[in-house]
Amino acid sequence: MNEKATEAARKRYDRRARQYDLMEALAERLNFGRWRKLLWNKVEGASILEVGVGTGKNFSYYPAGAEMTAIDFSPKMLARARVKAPKEAVSVRLLQMDAQAMEFPDDTFDTVVATFVFCSVPDPLKGLAEVKRVCKPGGKVILLEHVLSSNRSVARFMNFINPIVVRLMGANINRRTVENVARSGLTIEHVTHLSGIFKLIEARKR
Ligand SMILES: C[S@@+](CC[C@H](N)C(=O)[O-])C[C@H]1O[C@@H](n2cnc3c(N)ncnc32)[C@H](O)[C@@H]1O
C-alpha cells in the first residue's frame with residue numbers, strides 16, 4: 001500500500017516539476033523567502049542534509065562552507081535542482097532517494113532540514129523516524145511546514161478538500177506535523193508560529 005502511495009506521490013511531483021518554481025513565485029516573494037532565511041540561520045554543524053530538495057529553492061540560503069547533501073524521490077524535481085546548483089555556485093551532493101527509506105548510515109548529519117516536505121511524504125511518521133535515525137545524537141532537525149488549522153471549522157474544511165488538493169498539488173493540507181515530530185521521538189525545542197497554518201519547527205535528537 002505504501003509503495004503504491006509513494007509511487008503515486010513521486011509521479012505527481014514529476015508532473016509538477018516544470019511549473020513548480022513559477023507556481024510558487026508569488027508566495028516565495030511574499031513570505032516563503034524570508035521564512036527560508038529564518039530557518040537556515042538556525043542550522044548547526046558542518047554536515048547538513050536537506051530532505052525533499054525539490055527544484056533547489058533553498059540553495060541560495062545554504063551556509064557557506066557546509067558539507068551539503070540533498071535528496072528527493074522525484075527525478076524530475078531533482079533534474080531541475082541539478083541545473084540550478086551550478087548556476088547558484090552551490091556545492092551539494094544531490095541524490096535520488098526516498099525519505100521513508102534513506103540509504104545513509106545512522107547518526108550521519110549534524111542538522112537535517114526540510115521545507116514544505118512532510119505534507120507530501122506518504123507516510124510522514126516513517127519519514128520522520130528516518131530523519132531521526134540519520135541525525136547525529138544531539139543533532140538538530142528544522143522543518144518549515146504548513147499544518148492543519150487549529151480552528152475547528154477551518155480544519156473541517158481542510159479535511160474535506162484534502163483529497164482534491166493532494167490530487168492537484170501533491171500536498172496534504174491536513175497534516176499534524178508538529179505532533180508527528182513529537183511522536184517520532186525527536187524532542188521539540190521550539191515552534192515558531194509564522195502565519196496562520198505555517199510553522200517553523202525546531203527539534204533535537206536526544
Ligand atoms: C512541496 S515540494 C517542496 C520542495 C522544496 N523543499 C521547497 O521548499 O521548495 C515537496 C518536495 O518533497 C519531495 N518529496 C515528497 N515526498 C518525498 C519522499 N518520500 N522522499 C523524498 N522526497 C520527497 C517532492 O518530490 C518535492 O520535491
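Phe 32 is buried, at a relative accessible area of 10%. Buried means under 20% relative accessible area, exposed over 50%, and partly exposed in between, with a 1.4 Å probe and protein chains only. This is a predicted model: local features need pLDDT of at least 70, side-chain atom pairs count only at pLDDT 80 or more, and totals for chains, interfaces and linings use all residues. Residues are numbered from 1 along each chain as its sequence is written, and side-chain values use heavy atoms, with hydrogens and water left out.

## Aromatic pairs

A pair of aromatic rings is described by the distance of the centres and the angle of the planes. Rings of Phe, Tyr and Trp (its six-membered ring) pair if their centres lie within 6.5 Å; planes under 30 degrees apart count as stacked, over 60 as edge-to-face and the rest as tilted. The count is eight aromatic pairs. In one of them, the ring centres of Phe 32 and Phe 116 are 4.5 Å apart and the planes stand at 35°, so this pair is tilted. The two residues are 84 residues apart and link distant parts of the chain. Phe 32 sits in helix H1 (residues 2-40), and Phe 116 in the loop between strand S4 (109-115) and helix H3 (124-134). Helices (H or I, at least four residues) and strands (E, at least two) are DSSP runs, numbered from the N terminus.

Phe 116 is also buried, with a relative accessible area of 11%. The rings of Phe 59 and Tyr 62 have centres 5.3 Å apart and planes at 70°, so that pair is edge-to-face. Both Phe 59 and Tyr 62 are buried. One aromatic cluster is formed by Phe 32, Trp 35, Phe 116 and Phe 198.

## Glu 24

Helix H1 also holds Glu 24. Glu 24 counts as buried, at 13% relative accessibility. Leaving out residues up to four places away in sequence, Glu 24 touches Arg 16, Phe 32 and Lys 57. Contact means heavy atoms within 4.5 Å.

## Strand S5 and its partners

Strand S5 (residues 135-146) is mostly covered, with nine of its twelve residues buried. Two strands pair if DSSP finds at least two bridges between them. S4 and S5 run parallel and are joined by six bridges. Thr 111 stands opposite Lys 140 of S5. S4, H3 and S5 make a right-handed β-α-β unit. Right-handed means that, with the strands pointing away from the viewer, the path from the first strand over the helix to the second runs clockwise.

Strand S7 (residues 198-204) runs antiparallel to S5, with seven bridges between them. Val 141 has Ala 203 in S7 as its bridge partner.
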